[in-house]
Each structure stands twice: as C-alpha cells, then as structure tokens.
Amino acid sequence: MVYNIGEMKKLRIFLGTLFSLSLIALAGCNITPESFWSGDNNVNHRYRPIKNISASDDEIRGWTDSVSGSYEVLILTDVHKGAGYYKSGVDAAFEKWLNSYDLSKVKFALGLGDFADGAKEGQMKDYAALVSKIEAKGKKVLNVIGNHDLFQSDGYELYSKYCYPGTSYYKFYTKNLAWYGLDSGSGTLGSRQLEGLKAAMAAESKRVVVFTHVPLSRSELAQWFLPFCLRDTTERNILIQFFSEMEIQGYLCGHYHPGGVDKFGNFTQYNFRSFGENGVWYIMYVDEDAGSISYKEFN
C-alpha cells in the first residue's frame with residue numbers, strides 16, 4: 001500500500017498520540033487528556049495582581065542584597081504524593097542526602113508543582129511534611145501550583161494553605177535577578193496573567209528567571225499530545241517571543257516527567273524530571289555575575 005505525504009503525516013500524528021496515551025496509562029494515571037486540567041480550569045478565576053514577596057516577607061527582602069554571586073538552589077518537581085507509581089524509598093533517600101549534602105551554598109528551594117497526585121488534603125499534608133525537612137535546614141521553599149494540585153474543586157485552597165507563599169503568581173529579587181513564579185496549573189497563563197506578566201517584566205531592570213509547572217513546549221513526542229506543554233499555541237508563541245526578547249536567564253519547569261533542555265531563541269527551558277516517579281531532585285548552580293545557570297541531578 002502506498003501513502004501520500006498527507007496520509008503519512010496523519011498516520012504519524014495518530015501513532016504519536018496513541019503512544020503518548022499508552023505511556024500515561026502505563027504510568028498509572030488512567031486519565032483523559034482533558035482531565036490533565038481538572039478542578040477549576042479557569043486560571044482567570046485565580047488571578048490576582050502579581051505579589052512581590054520581597055516586599056512582604058522580611059527574610060526574602062534581605063535576599064535582594066545578600067543573595068548574589070555564585071550560589072545553589074534546590075529544585076523539586078512532580079512529587080505526586082499519593083500516586084500509585086510513587087517511587088519506593090525516595091523519601092528516605094532524599095532525607096539521607098539532605099543530612100549529608102553541604103547546604104551552605106543553597107540559598108532557597110523551588111517546588112515546581114504537582115505536589116499532590118489527586119489534590120487531596122492528606123497528600124498536601126504529606127508534601128508539607130517533606131518541605132518541613134528542608135525548612136528544618138534553614139532553607140525556604142517557594143512553590144508554584146501544578147495541574148494535579150487542581151484535581152479537586154478545593155485544590156487551589158489546599159495549595160494556598162500548605163504551600164508557601166500561598167499564591168502561584170508572584171516575584172522576588174536577588175541582587176541581580178528577578179524571579180517570577182507563574183500559575184500554569186490549568187495549562188495556560190490566561191489572558192489576565194499574560195498581560196500582567198508582560199507589563200511587570202517589561203519594567204524590570206534585572207534579568208528575569210521564570211519558574212512554573214508546565215513547559216512552554218517540549219519534544220516532538222510531547223507536541224503530539226498537548227497536555228505536556230502549554231495548550232494555547234498562540235499564547236505559547238507570544239511567550240517564547242517575549243522571553244527571547246527579554247533574554248530571560250532561564251525558564252524552569254516540570255510536568256513532563258522525562259525532562260529535558262530546550263533552547264528557544266535567546267533563552268533556555270530547563271524541564272526537570274519527577275521526584276515522585278523518577279526519584280530525583282536537583283541542585284541548580286546560579287552565577288549572577290557571569291549570568292549563567294547549570295544543574296546537577298541527584299537520587
């Protein structure tokens with residue numbers, strides 16, 4: 001049988017989508033594409049003007065002067081407390097690492113979403129217990145919401161209760177960088193957040209680091225199955241162009257568990273692998289003077 005180019009393209013897209021669905025089923029998610037974005041799907045309902053926690057938190061206010069030069073940031077993403085595929089022994093391994101690693105250069109930690117697999121309060125409490133071990137070492141954990149954290153109607157309320165800073169759209173400052181946490185838990189920033197973000201970032205005198213849950217875009221496999229990246233292609237293209245023009249320091253995200261690094265124009269997207277499924281976490285090395293980011297994976 002001979003296929004023309006159009007038929008081959010359709011077949012390729014179909015097989016890619018089928019394969020992606022199979023991967024999700026094997027991972028134990030048992031969900032449809034739309035249920036990636038369960039709970040309150042409208043991010044505009046959650047929108048508030050960006051919160052500057054460098055102005056509201058005394059400790060973080062001090063980072064504007066004290067956090068500079070070369071330092072480290074601990075990164076966790078896709079913890080998925082309560083998931084059937086949660087990796088056995090990962091909590092013990094992480095706690096052992098936490099007690100043995102030299103944390104003196106770690107200034108803070110970032111949680112990039114999907115902390116609770118089903119947005120249940122018990123799962124959020126389990127994540128909060130994990131965070132408490134990091135905070136016991138004197139390291140503040142700043143979070144952004146993931147799509148799984150919204151799987152119940154009260155998901156955002158539970159996230160706000162158990163995950164600092166209680167919002168998923170905020171910014172803070174170190175000496176040479178502006179750090180922007182974005183709410184992409186519904187697979188989109190939404191019109192209100194997008195416009196507010198563009199206005200806020202355009203006024204920055206410092207270079208920006210963006211951290212959020214959902215990648216802007218991912219590998220070809222992920223493109224076949226849109227829940228692995230931002231859903232609205234127009235929004236995605238606007239952000240990629242805007243971030244490239246701004247020459248942001250980096251775009252940090254999770255969601256796509258296999259992870260990977262992608263270059264978009266004048267910036268790099270760092271997609272970190274899952275803590276809960278892959279049993280990994282990261283140290284990101286920041287050099288504000290050189291304007292560089294690199295990272296190392298631990299397990």
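Gly-190, Leu-194, Leu-197, Lys-198, Met-201 and Ala-202 of helix 8 are in contact with Glu-235, Ile-238, Leu-239, Phe-242, Phe-243 and Met-246 of helix 10, contact meaning heavy atoms within 4.5 Å. This is a predicted model, in which local features need pLDDT of at least 70 and side-chain atom pairs count only at pLDDT 80 or more, while totals for chains, interfaces and linings use all residues. Residues are numbered from 1 along each chain as its sequence is written, and side-chain values use heavy atoms, with hydrogens and water left out.

**The chain overall**
- The protein chain has eleven helices and twelve strands; helices (H or I, at least four residues) and strands (E, at least two) are DSSP runs, numbered from the N terminus.
- Of its 299 residues, 53% count as buried, where buried means under 20% relative accessible area, exposed over 50% and partly exposed in between (1.4 Å probe, protein chains only).
- Among contacts with a separation of 6 or more, 74% are between residues 24 or more positions apart.

**Helix 10 and its partner**
- Just after helix 10 comes Glu-247, with a positive phi of about 50°.
- Helix 8 (residues 190-202) packs against helix 10 at an angle of about 10°, with the axes 12 Å apart.
- The two helices are therefore roughly parallel to each other, a term for angles under 35 degrees.

**Helix 5**
- Within helix 5 (residues 90-100), Val-90, Phe-94, Trp-97 and Leu-98 are buried.
- These residues span an arc of only 100° around the axis, so they sit on the same side of helix 5; the arc is taken from the directions from the helix axis to the C-beta atoms.
- Ala-92, Lys-96, Asn-99 and Ser-100 are exposed, on the face turned away from the buried side.
- The cover over the buried residues includes strand 2 (70-76), helix 6 (121-135), helix 11 (275-278), strand 11 (281-287) and strand 12 (292-298).

**His-148**
- You will find His-148 in the loop between strand 4 (141-143) and helix 7 (155-162).
- His-148 counts as buried because its relative accessibility is 7%.
- Neighbours within four places in sequence aside, His-148 is in contact with His-80, Asp-114, Ala-116, Asp-117, Gly-118 and Ala-119.

How values were computed: Axes fitted to C-alpha atoms, helices over the stretch in contact; angles between N-to-C directions. Parallel < 35°, antiparallel > 145°, perpendicular 65-115°, else oblique.
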